[in-house]
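Reader: I'd like to go through this structure with you, starting with the ligand and then moving elsewhere. Could you show it first?
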Amino acid sequence: MQVIILRSADEIGQYAADIILSGVTDGSISVLGVATGSSPLPVYRALESRWVPELAGLTAFALDEYVGLAPDHPESYHSVIDREVTRPLRLDPARVHVPDGSATDPEQACVDYERAIEEAGGVDLQILGIGSTGHIGFNEPTSSLSSRTRIKTLTPETRRDNARFFPSLDEVPLHCVTQGLGTIMDARRVLLVAQGAGKARAVAQAVEGPLSSMCPGSVLQLHPDATILLDEDAASELTLTDYYRFVFENRPAWQRP
Ligand code: F6R
């Protein structure tokens, strides 16, 4: 796990864009895993401002979707991905996939989503945020560390965190469909971005805490190629910050994007 502490959300966006653009142009990234929420927005903005034609050839898979919101609801992840990713990065909408939160047979829809990822050749790089509960995707505490795409119930804390996107807390859906932790772990590379003090505890537990389903993000400790991009506030509860900075300053040339 490579932990990189940067000065601002903008620097995080630019650094993540360096990694993604280098993979997209050298052909090692053709399937991108995309997250919603606030954390990855600086990444999408940086990619938009440094757009290269190869971005338009990407296939993308979103991590999750609310259950019970119509796809054209402005806060459905279908809409959010379309607004924040597909249009600004000029992706082909036919190659952008979001889990189906309105399926009449949700279990089959989850199986189909897993199959679609597999048929695309798997995710080359998965962008992740982390929730204050330690969730990645919407895998809330006690999610199986080997779970696949399935329906989950959001915690009250996550519903409160996400209420900022809705007119009221009551309108935040109770359920979601999310890639499982096993699905996320199959991505060849993962890039987690977190900003702000509200993420500090979850980040510290995920990076330095015990491997435990109580902090689902801690499963990334088992990933062979995980990069964690943090601002100072999100890194503030880590104990080994001096070491992470030392590692970054002395990183070998091959580790630079
Ligand atoms: C979004 C997702 C979630 C968010 C997390 C953080 O697709 O899967 O895990 O990344 O809830 O959300 P923000 O970035 O809004 O703080």
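Reader: What is 2.8 Å from an oxygen atom of the ligand at Ser38?
Author: In this predicted model, it is a polar backbone atom of Ser38 that lies 2.8 Å from an oxygen atom of the ligand.

Reader: And which kind of atom of Ser39 lies 2.4 Å from a ligand oxygen?
Author: For Ser39 it is a polar side-chain atom, placed 2.4 Å from an oxygen atom of the ligand. Asp64 also has a polar side-chain atom by a ligand oxygen, in that case at 2.5 Å.

Reader: How much of the ligand's accessible area does the protein cover?
Author: The ligand on its own has 410 Å² of accessible area, and the protein covers 94% of that.

Reader: Where does the ligand sit, then?
Author: The ligand sits in the largest pocket.

Reader: How many residues surround the ligand, and which are the closest?
Author: There are 14 residues around the ligand, and the closest are Ser39, Asp64, His135, Gly137 and Lys199.

Reader: Changing topic, where is Asp170?
Author: Asp170 belongs to the loop that runs between helix H5 (156–162) and strand S8 (175–178).

Reader: Is Asp170 buried or exposed, and why do you say so?
Author: Asp170 counts as exposed because its relative accessible area is 72%, and the cut-off for exposed is over 50%.

Reader: What separation is there between the C-alpha atoms of Asp170 and Glu75?
Author: Those C-alpha atoms are separated by 14 Å, while Asp170 and Glu75 are 95 residues apart along the chain.

Key: Residues numbered from 1 in each chain as written. Predicted model: local features only at pLDDT ≥ 70, side-chain atom pairs only at ≥ 80, totals over all residues. Heavy atoms only, no water. Near = heavy atom within 4 Å. Polar contact = N/O pair within 3.5 Å; in protein donor to acceptor, adjacent residues only side chain to side chain. Areas by Shrake-Rupley, 256 points an atom, 1.4 Å probe, with all protein chains shown as cover. 1 Å grid on protein atoms, 1.4 Å probe; cavity = no way out; pocket = protein on both sides within 12 Å on 5 of 7 lines; lining within 4 Å. Sits in = over half its atoms within 2 Å of the grid points. Helix = DSSP H or I, 4+ residues; strand = E, 2+ residues; numbered from the N terminus. Buried < 20%, exposed > 50% of the residue type's maximum accessible area, 1.4 Å probe, protein only.
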